[in-house]
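These are my notebook entries on a structure that is new to me. I record what I looked up, one topic at a time.

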Amino acid sequence: GRRRPPAFMAAAGHYAVVSDVYETAWCYQNDGAFQSWLLKKVQESLPAKCRSVADVGCGTGNFSGALQKAMGVRVVGVEPSAEMAAKAVDYGVNVEVADALTWAEAAEDDAERFDAVLMKEVRHHIDDPTSLYEKLATRLSPGGRILLLTRPDESQGYPFPPAAHKHWSAGVLLPLKAHEEALARAGLRVTVREERYPVQMRRDEWERLVRQRFWSHLRNLTENEVEDGLRELALPEDVHFEDRMMFVVAELASPE
């Protein structure tokens with residue numbers, strides 16, 4: 001079979017390390033304010049009569065479970081990190097341990113088709129979007145949608161140590177425009193919008209998250225880059241910033 005893409009292997013290794021602290025970040029807390037906000041935005045982006053969702057790169061499954069509960073839809077998870085996937089049972093989500101391309105390629109002709117394929121914060125792990133989206137499009141039911149949720153190409157505005165911004169740019173792999181074009185080549189109609197969420201937390205909480213490299217963009221930061229960078233930032237007691245999420249909605253045309 002096809003080798004797992006290197007980007008997915010690196011991601012799985014990172015998440016094996018952070019799986020126990022993953023849900024302490026504001027953006028991954030179960031039943032938190034950010035999750036409620038994001039659920040509403042995702043619901044607005046799904047097909048009107050959505051009954052089934054494949055959450056590709058579902059992590060611990062907490063968002064999959066929340067989506068399943070909020071919408072009454074069936075959600076199937078796909079996750080390359082066995083450590084992360086093992087936690088999904090707590091949220092009532094069945095997860096297949098596989099990366100996105102392997103999962104899409106392994107489907108038989110009579111495999112289930114989904115009304116939506118959700119790809120939340122996995123864009124920076126995809127190094128061959130053309131192949132991936134062509135395969136994922138075959139898993140959609142007529143009128144189905146691929147919903148790609150991702151942060152911007154640039155990390156300006158996030159209070160990271162200076163070196164982190166370079167790691168962020170390097171970790172993106174391909175600009176968002178390349179994903180939009182690949183989705184269009186797969187025969188999908190693509191729209192893009194940006195949503196912003198105001199974040200406020202104590203400085204020590206933010207610094208803890210950075211030290212834990214809670215986002216995979218930060219995984220290659222050295223100890224010196226973290227500690228020297230945090231000192232250089234000299235953040236105030238209360239840290240404020242906007243978390244920016246790009247919503248790329250790609251719809252498969254329904255047959256006439």
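**Entry 1. Cysteines.** I note at the outset that the model is predicted. Cys58 counts as buried because its relative accessibility is 8%, under the limit of 20%. Cys50 is also buried, at a relative accessible area of 10%. I then searched the whole structure for disulfides and found zero.

**Entry 2. Overall make-up.** The protein has 256 residues, and 55% of them count as buried. Its secondary structure consists of 10 helices and seven strands. Among contacts with a separation of 6 or more, 78% join residues 24 or more positions apart. The accessible surface is about 11,500 Å², and carbon and sulfur atoms make up 48% of that area.

**Entry 3. Aromatic pairs.** How many aromatic pairs does the structure hold? I recorded 15. Phe34 is buried, with a relative accessible area of 2%. Trp37 is buried as well, at 17%.

I then looked at a second tilted pair, Phe160 and Trp168, with 5.6 Å from centre to centre and 40° between the planes. Both of these residues are buried. They also belong to one aromatic cluster, together with Tyr158, Trp206, Phe214, Trp215 and Phe241.

**Entry 4. Charges over rings.** I checked where charged side chains sit over aromatic rings. Arg139 lies over the face of Trp103, at 4.3 Å from the ring centre. The charged end of Lys120 is placed over the ring of Phe63, 5.2 Å from the centre of that ring.

**Entry 5. Helix H8.** Which residues of helix H8 (residues 176-185) are buried? I listed Leu176, His179, Glu180, Ala182 and Leu183. These residues cover an arc of only 165° around the axis, so they lie on the same side of H8. Just after H8, Gly187 has a positive phi of about 90°.

Entry 6. I kept the backbone for the end. Glu121 is not a glycine, yet its phi is positive, about 60°. Glu121 is located in the loop between strand E4 (114-120) and H6. Leu173 also takes a positive phi, near 70°. Leu173 is found in the loop between helix H7 (162-171) and H8.

Is each of these two residues buried or partly exposed? Glu121 is buried, because its relative accessible area is 8%. Leu173, at 43% relative accessibility, counts as partly exposed, because that value lies between the limits of 20% and 50%.

Conventions. Residues numbered from 1 in each chain as written. Predicted model: local features only at pLDDT ≥ 70, side-chain atom pairs only at ≥ 80, totals over all residues. Heavy atoms only, no water. Disulfide = S-S within 2.5 Å. Buried < 20%, exposed > 50% of the residue type's maximum accessible area, 1.4 Å probe, protein only. Helix = DSSP H or I, 4+ residues; strand = E, 2+ residues; numbered from the N terminus. Contact = heavy atoms within 4.5 Å. Areas by Shrake-Rupley, 256 points an atom, 1.4 Å probe, with all protein chains shown as cover. Phe/Tyr/Trp six-rings, centres within 6.5 Å; stacked < 30°, edge-to-face > 60°. Lys NZ or Arg CZ within 6 Å of the ring centre and 35° of its normal. Arc of directions from axis to C-beta.
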